[in-house]
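Dear colleague,

I am handing over the structure below, together with a short account of what was found in it. Please keep it open beside you while you read.

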Amino acid sequence: MSQCRQMSDSPQVRHIETSTSDGAGVPPDLVRVGELAKTLTGIQGLDEITRGGLPKGRPTLVCGGPGSGKTLLALTFLVNGATQFDEPGVLMTFEENAEEIASDVASLGFDLPELIKANKLAVDYVRVERSEIEETGEYDLEGLFVRLDYAIQSVGARRVVLDTIESLFAGLKDDAILRSELRRLFRWLKDKGVTAVITGERGDGPLTKQGLEEYVSDAVILLDHRVHDQVSTRRLRVVKYRGSHHGTNEYPFLIDASGISVLPVSSMALAHDAPLNRISAGIPRLDTMLGDKGYYRGSTVLVSGGAGTGKTSLAAHFLDAACRRGERCLCFLFEESPQQLLRNMRSIGIDLEPWVTAGLLQFHADRPSRYGLETHLATMHQVVADFHPTAVVLDPVTNLMTVGTFSDVQAMLTRLIDHLKTENITAVLTSLTPGLTNVERTENSISSLMDTWIVLANDDVGGHHRRGLYVLKSRGMRHSNELREFVLTDQGLDIFDGNGAHHAVV
Amino acid sequence: MQLSDDRTATPSRDVKAYVLRLYVAGQTPKSVLAFRNLKQICEDHLQGRYEIEIIDLLENPQLARGDQILAVPTLVRRLPEPIKKIIGDLSNTERVLVGLDLQERRAGTA
């Protein structure tokens with residue numbers, strides 16, 4: 001017998017000695033005052049919300065309902081640790097065996113068997129079947145500790161995932177023992193200095209069915225999967241993060257073919273650069289109206305107007321000009337297909353096809369109703385992150401209103417615009433206004449986010465149909481206040497001179 | 001009371017009908033008590049027909065996985081099949097006998 005171990009029979013008993021055969025315990029994690037050491041999860045967005053990852057050397061509780069993605073989040077944390085951060089991990093699973101888990105995540109490109117072979121991951125499946133176990137007298141869960149410790153040592157683990165330890169409550173009858181042992185386990189994990197993720201089933205009242213949040217007091221992340229109007233949305237919230245600032249909002253996250261990604265949070269502070277360089281709007285006379293130089297790079301432009309006023313044409317000019325400069329452009333379509341748009345623009349002399357072929361221009365067409373706003377937002381983020389554009393067009397952004405309320409859409413656009421600004425991407429958003437008179441009303445919800453606002457209007461005077469546009473606002477530049485008439489020619493959009501036929505001072 | 005240093009305690013040389021494994025983690029009061037209780041029960045009910053193997057998980061942690069050991073002490077009845085598990089210090093003799101399927105047998109013969 002190597003040594004005498006003291007068992008804690010009461011929940012209040014302090015943890016005694018955790019070292020095993022080697023006799024030397026891992027020194028407790030030293031937390032510097034003021035700055036908490038963190039461990040990167042490698043999960044896009046999550047590390048930003050938590051400002052650097054999970055608390056290093058401490059357990060984090062990830063709770064959520066069935067299918068909320070908690071196991072996936074935990075596994076991604078482990079796999080990223082092993083593959084990106086040179087931190088081997090241990091997965092102790094209580095619900096599925098190693099093979100089942102491996103096949104679950106194989107589609108995401110996680111090769112668990114390979115990681116196990118490379119000694120970067122150890123998986124221990126703990127099976128507890130109440131019907132097979134007779135309980136008599138005092139016991140503790142030292143067997144679990146021994147297994148965990150053995151697994152940790154076998155790969156030199158720095159990360160540990162327990163998924164889902166609450167299963168023990170179904171397997172063992174004595175809740176009191178279980179609770180005191182869980183308390184001891186979480187202390188033990190801390191003393192081991194491993195960064196742990198413990199998943200828990202969401203309960204009705206408390207965060208988790210068994211009140212695990214009571215034991216894991218360092219960080220708690222809540223995952224939520226809601227279906228509203230037949231549109232499903234996943235959200236993540238950092239409920240608690242002791243000793244650290246963190247974003248407290250609910251953040252949408254995505255589970256797709258590439259795994260889990262939390263939306264890169266809109267920057268928490270308004271700290272965008274305000275570049276001074278200007279880029280052409282694609283129409284020389286419009287540039288002239290915008291202080292002679294066009295848009296600010298990284299600014300956001302709203303082009304609003306009724307049906308058939310030429311919004312998309314204006315946006316197409318912008319794309320064309322950007323591509324001519326060799327910039328990468330992304331165009332989100334919520335109404336037309338890329339083919340329709342290409343054809344329509346060709347009819348006014350704007351041929352975008354070569355830019356598509358050259359790989360400079362990419363279309364991304366989605367029906368707004370295809371999924372919820374959050375998912376749209378997440379998808380757009382993903383596409384932007386993949387394509388690295390310097391210019392983006394959303395046409396028409398008002399179509400998104402069909403899947404959310406004004407305030408939802410506004411919130412979503414705020415986040416998107418925020419992100420685009422952070423990335424210094426110039427964005428043109430078109431907005432369909434229902435009639436001629438209430439031009440400004442519809443966009444009120446988003447106009448404050450816009451740097452430049454161009455209004456297009458049709459006008460019928462004396463049986464004569466005329467098109468006009470004016471710059472309603474353009475921050476940080478002297479701009480024209482004139483309503484200018486324009487025509488759509490087979491050479492594109494042609495704005496008349498300021499002293500043209502339809503000349504008015506607004 | 002000490003656990004025997006000998007890993008097995010075999011009071012009889014015949015073919016053992018009952019192969020029992022007691023998993024412990026170090027020499028704790030609970031494990032000592034469990035062993036004492038087990039020994040007593042076996043002597044009372046299985047004399048000459050049993051074999052007890054004690055596995056100290058602190059020395060052989062890799063063995064915990066095979067029998068799905070979680071709690072200690074855990075008594076595993078490896079033979080006769082099916083495998084049965086009894087966790088705790090085995091202080092409730094009735095429960096242990098039921099767990100080992102000995103209760104009915106005794107009731108039948110008594």
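Among contacts in chain B between residues at least 6 apart in sequence, what percentage join residues at least 24 apart? The share is 70%, where two residues are in contact if their C-beta atoms, placed from the backbone, lie within 7 Å.

Please bear in mind that this is a predicted model, in which local features need pLDDT of at least 70 and side-chain atom pairs count only at pLDDT 80 or more, while totals for chains, interfaces and linings use all residues. Residues are numbered from 1 along each chain as its sequence is written, and chains are lettered from A in the order in which they are written.

Chain B has four helices and five strands, which follow one another along the sequence as β-β-α-β-α-β-β-α-α; helices (H or I, at least four residues) and strands (E, at least two) are DSSP runs, numbered from the N terminus.

Where chain B touches chain A, the contact takes 33 residues from chain B and 29 residues from chain A. On the side of chain B, α2 (63-66), β5 (84-87) and α3 (93-99) each give two or more residues, and α3(B) gives the most, with four residues.

The strands also link the chains, since two strands pair if DSSP finds at least two bridges between them: β6 (residues 133-135) of chain A runs parallel to β5(B) and is joined to it by three bridges, with A:Glu134 opposite B:Ile86.

Within chain A, β20 (residues 452-461) and β21 (residues 464-474) are antiparallel over ten bridges, and A:Leu456 has A:Leu469 as its bridge partner.

With best wishes
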